[in-house]
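Please read them with the structure open beside you.

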Amino acid sequence: MPLDDGSFGLREKDAELPIPHRGFRASLPRSGSDVFGFRVADGFAIQVHEVGLEGEGHVESRAIAYARPGGTSYWSANERGYEEWLSLESGVAVADHAAATWEIAGGRASETPDGVDILDETGRPRIHVSVPASYAASGRLVDARLQVHGATIELWAAPITAHAS
């Protein structure tokens, strides 16, 4: 929802939110070029800059949409937390380069078997990032995975191809 300062976030009080949201908040910027903020109840917070987002965010159905080269980024809240969906044009998600990159400040990103944990200064996992099943517009399954490079998280995605041997 649009907030008074022009950014986007949840208006509900913690007690009215699904349990995973209680004490875990996101602040989505007005402009896609600004940082996204995520914080947990005890004050641990990170800032995320999604490389390449452009222009003003706008409400589209139940999401906040931002333009990006070769597509659109959609941010929304669900029963488990917050999620971003990327709608990418053909040729953006290919095997030889990352489809999207996020710069992380305030925590350290660490790869896990099922995604990336954001760790606090003691090394304790505080926020988990994952990539669920991903699909091309054709419905074909896409091999999507996250990789950590220093203070960045990259999404690598390419259609899965199968052939007879």
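**Notes on aromatic pairs, sheet and core**

1. A search of the whole structure finds six aromatic pairs, where a pair means rings of Phe, Tyr or Trp (the six-membered ring for Trp) with centres within 6.5 Å, and planes under 30 degrees apart count as stacked, over 60 as edge-to-face and the rest as tilted. This is a predicted model, in which local features need pLDDT of at least 70 and side-chain atom pairs count only at pLDDT 80 or more, while totals for chains, interfaces and linings use all residues. Residues are numbered from 1 along each chain as its sequence is written, and side-chain values use heavy atoms, with hydrogens and water left out.

2. F24 and Y82 make an edge-to-face pair, at 5.3 Å centre to centre and with 70° between the planes. Because F24 lies in the segment before β1 (25-27) and Y82 in strand β7, this pair ties together parts that are 58 residues apart in sequence; strands here are DSSP runs of E with at least two residues, numbered from the N terminus. F24 counts as buried, at 16% relative accessibility, the limit for buried being under 20% relative accessible area with a 1.4 Å probe and protein chains only.

3. The rings of F38 and W75 have centres 5.9 Å apart and planes at 40°, so this pair is tilted. F38 belongs to strand β2 (residues 36-39) and W75 to strand β6, so the pair ties together parts 37 residues apart in sequence. F38 is buried at 9% relative accessibility, and W75 is buried with a relative accessible area of 8%. One aromatic cluster is formed by F24, F36, F38, Y66, W75 and Y82.

4. Four strands form an open sheet in the order β4-β5-β6-β7, with antiparallel pairing; two strands pair if DSSP finds at least two bridges between them. Since β4 (54-60) and β7 (81-88) stand at the edges with a single partner strand each, one side of each is left without a neighbour in the sheet. Eight bridges join β6 (residues 71-78) to β7, and the bridge partner of S76 in β7 is E83.

5. The largest nonpolar core has 28 residues, and F36, F38, W102, I118, I127 and I153 have the most contacts inside it; such a core is a set of buried Ala, Val, Leu, Ile, Met, Phe, Trp, Tyr and Cys residues joined through side-chain atoms within 4.5 Å. Strand β13 gives the most to this core, with four residues.

Note on methods: Buried means under 20% relative accessible area, exposed over 50%, partly exposed in between (1.4 Å probe, protein chains only).
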